[in-house]
Amino acid sequence: MQIFLDTAEIDEIRSRTAAGLVDGITTNPSLIAKSGADIFERIAEICEVISGPVSAEVVATDTQGMLSEGRRLRAIAGNVVVKLPLTRDGLAACRTFADEGVPTNVTLCFSLNQALLAAKAGATFVSPFVGRIEDMGGDGIGLLAAIREVYDQFGYETGILAASLRSALHVEEAARIGCDAATLPPKIFDSMVAHPLTDAGLKAFLDDWNKTGRGGLG
């Protein structure tokens, strides 16, 4: 499963990509606005840091506007994925981009029906919002499983990009279901490596070594 960071903060991206654990980046208008950066300049910066997929979202709500903005975003770098809302106009734009060979990420997916339509429109990725579904009392993880089942049953190639993940457990569940990718805030990414038994075990090892008085291995 690919791991994407959901952020537009360039320092957060740089600090977490050096080890090769991050496969791509997702952004949205809210994240770009929060960063205070120009969207085209920030996407260009991100694409210089990471060679994997970088989702850049349009803000137009009509098909022609989405196509125009998407082409401008796509022109920034070859790894830009045009992010489109899961609306009728968004799906129409998705179909056009698919016919042109432009990768897309259809976002704001909250139902199996929506995911089915995104696949039929030729989306490269569909982004179901797990956390927001659960905020409303729904079963976000169950939706991921349902989409996986239907995509496999009919041979759809659209990748399931689990989004709005609120915990490391969400990441584990997305992986077990077989999602193709998961996008998560930097703090959730950081929590994936943490475990109290790891900390306790490392402390015990180092305490035992320090008792020998030998210092470092260098």
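Residues are called buried under 20% relative accessible area, exposed over 50% and partly exposed in between, as computed with a 1.4 Å probe on protein chains only. By this scale D152 is exposed, with a relative accessible area of 51%. The structure is a predicted model, in which local features need pLDDT of at least 70 and side-chain atom pairs count only at pLDDT 80 or more, whereas totals for chains, interfaces and linings use all residues. Residues are numbered from 1 along each chain as its sequence is written, and side-chain values use heavy atoms, with hydrogens and water left out.

Side chains of opposite charge can pair when their charged atoms come close. With a salt bridge taken as a side-chain nitrogen of Lys or Arg within 4 Å of a carboxyl oxygen of Asp or Glu, the count comes to 11 salt bridges. One of these joins the side chains of D190 and R16, with an N to O distance of 2.8 Å. Because D190 lies in helix α10 (residues 186-191) and R16 in helix α1 (residues 10-17), this pair ties together parts that are 174 residues apart in sequence; helices (H or I, at least four residues) and strands (E, at least two) are here DSSP runs, numbered from the N terminus. D190 is partly exposed, its relative accessible area being 33%.

In contrast to D152, which is exposed at 51%, R148 is buried, with a relative accessible area of 12%. A further salt bridge is found between the side chains of K211 and D208, at 4.0 Å from N to O; K211 counts as exposed at 69% relative accessibility, and D208 as partly exposed at 47%. Through salt bridges that share partners, R148, D152 and D180 are joined into one network.

Aromatic contacts were assigned to rings of Phe, Tyr and Trp (its six-membered ring) whose centres lie within 6.5 Å, with planes under 30 degrees apart counted as stacked, over 60 as edge-to-face and the rest as tilted. Four aromatic pairs are present in the structure. Among them, Y151 and Y156 form an edge-to-face pair, with 5.8 Å centre to centre and 70° between the planes. Y151 is buried, with a relative accessible area of 1%, whereas Y156 is partly exposed at 23%. Ring pairs also link Y151, F154 and Y156 into a cluster.

Together, β1, α1 and β2 make a right-handed β-α-β unit, a crossover being right-handed if, with the strands pointing away from the viewer, the path from the first strand over the helix to the second runs clockwise.

Grid points are joined across faces, edges and corners, and a volume is the space filled by probe spheres set on the points. On this basis the largest pocket holds about 480 Å³ of space. It is lined by 24 residues, of which D6, N28, L31, F129 and R132 are the closest to its centre. The elements that give two or more residues to the lining of this largest pocket are α2 (29-35), β5 (104-109), β8 and α10.

L108 lies in strand β5 and counts as partly exposed at 33% relative accessibility. S164, by contrast, is placed in the loop between β7 (159-162) and α9 (168-177) and is buried, with a relative accessible area of 16%. Finally, L112, which lies in helix α6 (residues 112-120), is partly exposed at 31%; the C-alpha atoms of L112 and L143 are separated by 6.7 Å, although the two residues are 31 residues apart along the chain.

Conventions:
1 Å grid on protein atoms, 1.4 Å probe; cavity = no way out; pocket = protein on both sides within 12 Å on 5 of 7 lines; lining within 4 Å.
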